[in-house]
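Hi,

Here's the model I said I'd pass along. Have a look at it first, and my notes follow below.

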Amino acid sequence: MTVLEAENVSYKYSVGTPFQITALDRVNVKVEQGDMLAVIGHTGSGKSTLIQHFNALLKPTEGRILLYGKDINESRETAHNARFKVGLCFQYPEYQLFESTVYKDISFGPANMGLSSSETDERVRRAADFVGLSENMLGKSPFDLSGGEKRRVAIAGVMAMEPEVLIMDEPAAGLDPRGRRSILELIGNYRKKTGRTVIIVSHSMEDVAGVAEKILVLNRGSVAMHGSLDEVFSRSDELRGMGLDIPQITRIFSELNKYGFGLKKNVYTVEQAKDEILRYLHKGGNAK
Amino acid sequence: MIKDITIGQYFPGNSFIHRLDPRAKLIVTFAALVEIFLCKNFLSLALIFIFSVFSILFSKISFKVVLKGLKMIYFLIFFTALLQIFYNEKGNILFEWRKIKITDGGVYTAIFMAVRIISLIFISSLLTYTTSPTTLTDGIERLLSPLKKIKIPVDTLAMMMTIALRFIPTLIEEIDKIMNAQKARGADLDTGGVLKRAKALIPIFIPLFVNSFRRAYELAFAMECRCYNGSNHRTRMKIMKFTWRDIAAFIFIGMMLAAIILLNHFFGAVI
């Protein structure tokens, strides 16, 4: 079933001024229920503009955004409701914290939905627990936390709205390698546990390769590719032309295959690489 | 929407007005503003209004931009005019109904005030439209430098101003981002009464303040690391020089002053 659909969406910034820029040019995308989709593109490719359309923060200059087949920009109300159905977590979300305690900050979204206080409480605790915030942290001021913890609080704030679609804009940006891994793992777990649709925006193929199942590649405001990891990564030359690349490990494997090792082509993470190498060695190599 | 504010913005260009020395531009602007207040009748006011319009044409900045800048104060102009019409009781009565009295003196004053405010905005915004913030502060610093003799830290103040101006666009961008983020969490910023709207600003201003302090610390550290010291007899990359343009501007504004005084003297005063 299609959850979100962009139908011929174009978006222009500063219409009617000499600074007019076309950020999206007739984009058609369908996001299916339960998708784990990564949106990838170079800086200025229109990634952020596209996802801000999905929860009605931006209104398309042309075209429509459909949520379960209904235009989300039909009225003020539908646009407002779309914000709760499509949870959007911006880049560096820790800079948006404002409440006096972690608990209150996480409850901002659910409270805006007009939920009862017991329902809000339940959701806040569930979200906090999910992102790994301990009970005693809920009473602390968010400004006393470390950078990584702040980000978890902000993510929990969006998750607590329990949206049908969760969109994360560069969730791992500015974190150290361990922080990156744990945030990406967290998103993977969220998807596994809830089965809801998740969209990750990133410019790093490495990050995406570990979690995503489908990839949408944007280039200069248009959809360049949309398909499974295998489909997209098999077009590495085209990707390189757009200033993108396939994961390093995949490149190493394709180089190895040029020397006649008969290795699998769809190796995207170090973990998969390890398995494949072990399988290969076990079988007894036949390198020339 | 916040990005649409044009007052205080700088539009690069190469016109006569752009190329005036910032000190000359400051003095001429100040003189023109004083002259606006010297005007006593419609003739002198018309002169200064035409001057302001021609200055804009001369600067090659589109009128659309300037009018957009006026948008924010339409209300002020309207309100001032309204007050004059209803409360000024000079001259002949044009219309009377119970306690409301409208006189021709009131209407004239209303028009006078409106034109005066518009001219003020035209001239003062032209200064920032045609001068980059750094050049402007440089100019102010140079004009105020005699005050150093009485131990006023002019250069430090100028640096503070430069920093403040430099961060306006950054802050606007940041407000936009935070607003979007809170809207994404369902914050309702556009509906409700005054109290509700004021409350809705809390989730925007707290992060804004927190981030500004953080940025201020970072900037201060970066300046310390480069051993910044406000009053170290800095030399300039661009040395300011008066040219024939500046002299022409001075002569012109001086002639305007004379003309306004003469017009005030020979024709009756409205105000």
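This is a predicted model: local features need pLDDT of at least 70, side-chain atom pairs count only at pLDDT 80 or more; totals for chains, interfaces and linings use all residues.

Let me start with one residue in chain B: Ala164 of chain B sits in helix H7, which covers residues 154-184 of that chain. B:Ala164 counts as exposed because it has 12 C-beta neighbours inside 10 Å, and the cut-off for exposed is 12 or fewer.

Now the domains of chain B. Domain 1 is made of two stretches, 1-152 + 240-271, and domain 2 runs over 154-229. Their C-alpha centres lie 31 Å apart. Where the two domains meet, 13 residues of domain 1 of chain B are in contact with 11 residues of domain 2 of chain B. Sorted by class, the domain 1 side of that contact has 6 nonpolar, 4 polar and 3 charged residues.

On to how the chains meet. Chain A puts 19 residues in contact with 16 residues of chain B. Which elements of chain A give two or more residues to the side that touches chain B? They are helix H2 (76-85), helix H3 (102-112) and helix H5 (147-159) of chain A. H3(A) gives the most, with 3 residues. The side of chain A that touches chain B divides into 12 nonpolar, 6 polar and 1 charged.

- A:Glu170 has a phi near 45°, which is positive in a residue other than glycine. A:Glu170 is in the loop between strand E7 (165-169) and helix H6 (177-194) of chain A. With 19 C-beta neighbours inside 10 Å, A:Glu170 counts as partly exposed, because a residue needs 20 or more to be buried.
- B:Lys151 also has a positive phi in a residue other than glycine, here near 65°. B:Lys151 is in the loop between helix H6 (133-144) and H7 of chain B. Is B:Lys151 buried or exposed? B:Lys151 is exposed, because it has 7 other C-beta atoms within 10 Å.

That's what I have for now.

Cheers

Note on methods:
Residues are numbered from 1 along each chain as its sequence is written. Chains are lettered from A and ligands numbered from 1 in the order in which they are written. Two residues are in contact if their C-beta atoms, placed from the backbone, lie within 7 Å. Helices (H or I, at least four residues) and strands (E, at least two) are DSSP runs, numbered from the N terminus. Ala, Val, Leu, Ile, Met, Phe, Trp, Tyr, Cys and Pro count as nonpolar, Asp, Glu, Lys and Arg as charged, and the others, Gly among them, as polar. Domain bounds come from an automatic or database domain assignment.
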